[in-house]
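Biologist: I want to learn how to read a model like this one. Please take me through it feature by feature.

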Amino acid sequence: MAEFEEPEMKISAEDMASARIPLRYRDYCAHMLVPLNKCRHRTMYLPWKCEEERHAYEKCQYEDFMRRAKMLSQINEKSE
């Protein structure tokens with residue numbers, strides 16, 4: 001099996017709990033969700049507000065998905 005480097009969590013479990021992030025969102029991009037949620041609350045969830053924060057969070061999610069997809073394809077290649 002291939003060895004894969006685990007990404008670094010940039011926010012602690014205590015910080016995620018105090019920010020009231022639901023368990024399903026506590027991933028490697030959770031550190032970007034905290035400022036996004038603060039902005040959303042501050043602007044009453046107006047869709048045209050917080051675009052920079054939302055884009056940064058979605059980019060992080062995409063990059064994490066691509067990392068996991070690459071890891072899975074490498075695992076599948078080695079098992080064949």
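Modeller: We will go through helices, core, pocket and loops in turn.

Biologist: What should I know before starting?

Modeller: This is a predicted model, so local features need pLDDT of at least 70, side-chain atom pairs count only at pLDDT 80 or more, and totals for chains, interfaces and linings use all residues. Residues are numbered from 1 along each chain as its sequence is written, and side-chain values use heavy atoms, with hydrogens and water left out.

Biologist: How do I read a helix?

Modeller: Helices here are DSSP runs (H or I, at least four residues), numbered from the N terminus. The expected span of a helix is 1.5 Å times one less than its number of residues. Take helix α3, residues 51-79. Its 29 residues reach 42 Å from first C-alpha to last, close to the expected 42 Å.

Biologist: How far does α2 reach from its first C-alpha to its last?

Modeller: α2 reaches 19 Å with 13 residues, close to the 18 Å expected.

Biologist: Which residues of α3 are buried?

Modeller: First the cut-offs. Buried means under 20% relative accessible area, exposed over 50%, and partly exposed in between (1.4 Å probe, protein chains only). In α3 the buried residues are Tyr57, Cys60 and Asp64. An α-helix has 3.6 residues a turn, so residues three or four places apart point the same way. The cover over the buried residues of α3 includes α2 (30-42).

Biologist: And which residues of α2 are buried?

Modeller: Ala30, Leu33, Val34, Leu36, Asn37 and Cys39. They pack against α1 and α3. Contact means heavy atoms within 4.5 Å.

Biologist: Now the core. Which residues form the largest nonpolar core?

Modeller: A nonpolar core is a set of buried Ala, Val, Leu, Ile, Met, Phe, Trp, Tyr and Cys residues, joined through side-chain atoms within 4.5 Å. The largest one here has 12 residues: Ile11, Met16, Ile21, Cys29, Ala30, Leu33, Val34, Leu36, Cys39, Cys50, Tyr57 and Cys60. α2 gives the most, with five residues.

Biologist: What does Ile11 contact?

Modeller: Ile11 is in contact with Met16, Ala30, His31 and Val34, leaving aside neighbours within four places in sequence.

Biologist: How is a pocket found?

Modeller: Rolling a probe the size of a water molecule over the atoms shows where empty space is left. On a 1 Å grid over the protein atoms alone, where a 1.4 Å probe fits, a pocket is an open set of points with protein on both sides within 12 Å along at least five of seven lines; lining residues have an atom within 4 Å of a point. The volume is the space filled by probe spheres set on the points, which are joined across faces, edges and corners. The largest pocket holds about 160 Å³.

Biologist: Which residues line the largest pocket?

Modeller: Pro7, Glu8, Lys10, Tyr28, Cys29, His31, Cys60, Glu63, Asp64 and Arg67. α3 provides the largest share, four residues. The lining divides into four nonpolar, one polar and five charged residues. Ala, Val, Leu, Ile, Met, Phe, Trp, Tyr, Cys and Pro count as nonpolar, Asp, Glu, Lys and Arg as charged, and the others, Gly among them, as polar.

Biologist: Let us turn to the loops. What is the phi of Arg20?

Modeller: Arg20 has a positive phi of about 60° although it is not a glycine. Arg20 lies in the loop between α1 (13-18) and α2. Arg20 counts as exposed because its relative accessibility is 74%.

Biologist: Where is Cys50, and is it buried or exposed?

Modeller: Cys50 is in the loop between α2 and α3. Cys50 is buried because its relative accessible area is 10%. Its phi is also positive, near 60°. Just after α2, Met44 takes a positive phi of about 55°.

Biologist: What does Thr43 touch?

Modeller: Thr43 is in contact with Lys49 and Cys50, leaving aside neighbours within four places in sequence. Thr43 is buried, with a relative accessible area of 16%.

Technical notes:
Helix = DSSP H or I, 4+ residues; strand = E, 2+ residues; numbered from the N terminus.
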